[in-house]
Amino acid sequence: MDLQIFSRWQNKEMYKKGDKIIPATMGLVPSNLTSPGQRNSGFYEHRRSSVVLNLPGLEVFPGDLLVSDGAADYLCHPLLLLNSESKKPRWPFSKRGVGRDKHKHMSYLENCLSSVKITDFRGYEFHSLKDKTWNEVMETHQKLPTDQSDLRKQQEAVWELFTSECTYFLDHLLVLKMIFLNTLKYLQTYEYLLDVDLWRLFANLEELSQTSFGFVSSLFAIIKDYLDASETTASMDFISVLTKYFRGSLCQSHQTYCLNYSAAIFYLESLKQRDDFGIYLKWCEQNEQCRRLRLPELLVAPLHRLTRYPLLLKNIWKRSTDSTEKIMIYSIKEKVEKSIRDLEGKVKWLDNFQKFLYLQEIIVWPPLWDRDKRFFIPECLKHIFKERMAENILSPTNRHLLYEGKLTLAESARFLDVYLFLFDDFLLVTKTKRNKKKVGGSDTGVMCPLLTPELQTVIKEGGSCTVLDQPIPLDRLAVRSLDPVPMSVFGLRNAFLIQHENRYRQCIAAFLLQAPTEHIKKTWMTQITAAISCFTKSQETKKIPLFTSPGESSEI
């Protein structure tokens with residue numbers, strides 16, 4: 001195999017124009033060697049100021065690089081020659097190209113948004129009535145007010161329900177549907193924001209809008225019939241409308257929406273980090289029909305409306321004089337309040353369920369051989385110890401999280417940051433582990449609002465909570481406050497001790513913990529003591545038999 005010699009010259013005045021530097025040697029390749037016809041020509045004029053090794057038919061100098069013909073072709077490739085231009089890093093140019101494509105995509109998105117047409121909401125017949133009082137409407141229709149003050153107050157209460165429903169439908173639900181939801185659907189038909197889940201963001205908004213529109217239209221119809229009636233003694237038949245909608249789909253549709261609200265807000269916060277969604281959101285919120293309301297303020301409107309229904313119904317009930325009407329209105333109000341109580345229970349259960357799902361992702365359960373080095377488990381036997389602890393223990397249907405927080409664990413030679421989870425039946429001590437490589441990264445994601453700020457910080461840093469020891473059952477747990485004077489010798493303040501005892505009351509583990517303040521220490525001890533008391537009482541209740549034999553000993 002023919003070998004070529006590429007020399008590295010030291011004297012700058014000896015460089016010839018057109019010479020190239022090879023990255024592998026940081027030397028120079030004479031321009032006459034870069035052409036295929038002159039690669040076999042030797043170096044006859046240039047010498048290094050060093051010892052020269054003379055071989056028959058071959059001149060080799062110290063520092064020369066011997067390469068084959070194929071390698072010489074590769075080394076002399078223009079992309080590998082570090083001239084003055086190629087010394088600049090290439091990633092900014094590739095990033096700039098991506099930026100141009102991204103800018104072009106955003107420009108197309110803005111052009112698509114400029115073609116969106118929003119329907120004017122003022123076309124609804126009841127639009128002009130939502131800001132008027134009952135007396136103004138009566139004067140407009142030249143309707144003489146009734147002499148009965150109680151009846152007039154009842155009509156004013158019904159009118160308040162109607163006008164507030166108009167405002168809710170026109171200024172909130174219709175804005176959400178026509179400006180935000182329909183615009184997003186329009187963009188997705190042109191293949192923009194295709195990965196945005198409409199249900200996760202808006203839930204059953206269309207069903208809610210349709211139900212509210214039917215309710216406000218029905219109220220408007222009975223009010224209009226009353227105003228158009230020639231008889232002054234005519235009354236509004238609003239009881240049938242209230243019964244139809246409040247015992248029908250009005251409360252149910254609001255429940256469905258409210259159950260998705262927390263997830264929708266969390267999903268919205270994650271979408272706000274995207275530039276394309278930000279352009280869409282800004283365009284929608286700048287619409288004059290939004291009345292300077294942001295999307296989060298509009299999304300919360302159904303929750304506020306559902307909680308206001310009982311107050312409006314109670315106001316009508318107070319101003320009614322007929323006993324039959326009062327009974328029916330009161331039963332409707334009770335139905336709505338029960339629906340709200342059921343919703344609160346469902347929301348709490350759903351929040352607890354979602355939080356436990358996040359905890360299952362954060363908490364890491366090390367295998368037995370990593371948790372305790374005393375146990376030797378060969379590789380061939382490790383499949384026997386496959387644990388499903390996270391799936392079974394952190395089950396939201398079995399337990400509840402009572403308290404949690406960050407503390408410091410004192411070990412023999414160091415202090416360790418730990419995070420404790422107090423459940424209604426056991427205490428879990430975990431070690432917070434942070435991934436420093438992810439700190440400051442741009443792809444941190446959005447944290448779950450149900451998690452504490454400490455856990456959110458751990459997640460942002462790409463960390464986790466690794467279980468230090470087995471869960472401590474509350475009936476095997478003892479907590480003790482420590483005297484601050486001897487503890488100060490070891491640099492401990494606000495310290496307390498947690499002991500894990502086995503069924504024979506032998507201490508098998510102890511955790512010397514330090515709280516940031518004395519108040520946090522007392523709070524932890526109070527929470528643990530209360531949890532132990534509640535758990536003990538619940539266990540004793542379960543053990544009480546229905547029929548106890550007189551001869552049976554309670555010690556068994």
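With which residue does lysine 333 form a salt bridge? In this predicted model, the partner of lysine 333 is glutamate 337, and the closest N and O atoms of the pair are 3.2 Å apart. Both residues belong to helix H12 (residues 323-362), where a spacing of 4 residues separates them by about one helical turn. Lysine 333 is buried, with a relative accessibility of 6%, whereas glutamate 337 is partly exposed at 24%.

A search of the whole structure identifies 20 salt bridges. One of them links lysine 185 to glutamate 206, with a distance of 2.7 Å between the closest N and O atoms. Because lysine 185 lies in helix H4 (residues 149-189) and glutamate 206 in helix H6, this pair ties together parts that are 21 residues apart in sequence. Lysine 185 is partly exposed, its relative accessible area being 30%, and glutamate 206 is likewise partly exposed, at 36%.

A further salt bridge joins glutamate 501 and arginine 505, whose closest N and O atoms are 3.3 Å apart. Glutamate 501 is buried, with a relative accessible area of 13%, while arginine 505 is exposed at 52%. Elsewhere, salt bridges with shared partners connect Lys130, Asp131, Asp171 and Arg291 in one network.

Helix H6 (residues 205-228) also meets helix H7 (residues 238-246); their axes come within 10 Å and cross at roughly 170 degrees. The two helices are therefore roughly antiparallel. Residues of H6 in this contact include Thr211, Phe215 and Leu219, and those of H7 include Phe238, Leu242 and Phe246. By class, the contact comprises 8 nonpolar and 3 polar residues, with no charged residues.

Notes:
Residues numbered from 1 in each chain as written. Predicted model: local features only at pLDDT ≥ 70, side-chain atom pairs only at ≥ 80, totals over all residues. Heavy atoms only, no water. Axes fitted to C-alpha atoms, helices over the stretch in contact; angles between N-to-C directions. Parallel < 35°, antiparallel > 145°, perpendicular 65-115°, else oblique. Contact = heavy atoms within 4.5 Å. Nonpolar A, V, L, I, M, F, W, Y, C, P; charged D, E, K, R; others polar. Salt bridge = Lys/Arg side-chain N within 4 Å of Asp/Glu carboxyl O. Buried < 20%, exposed > 50% of the residue type's maximum accessible area, 1.4 Å probe, protein only.
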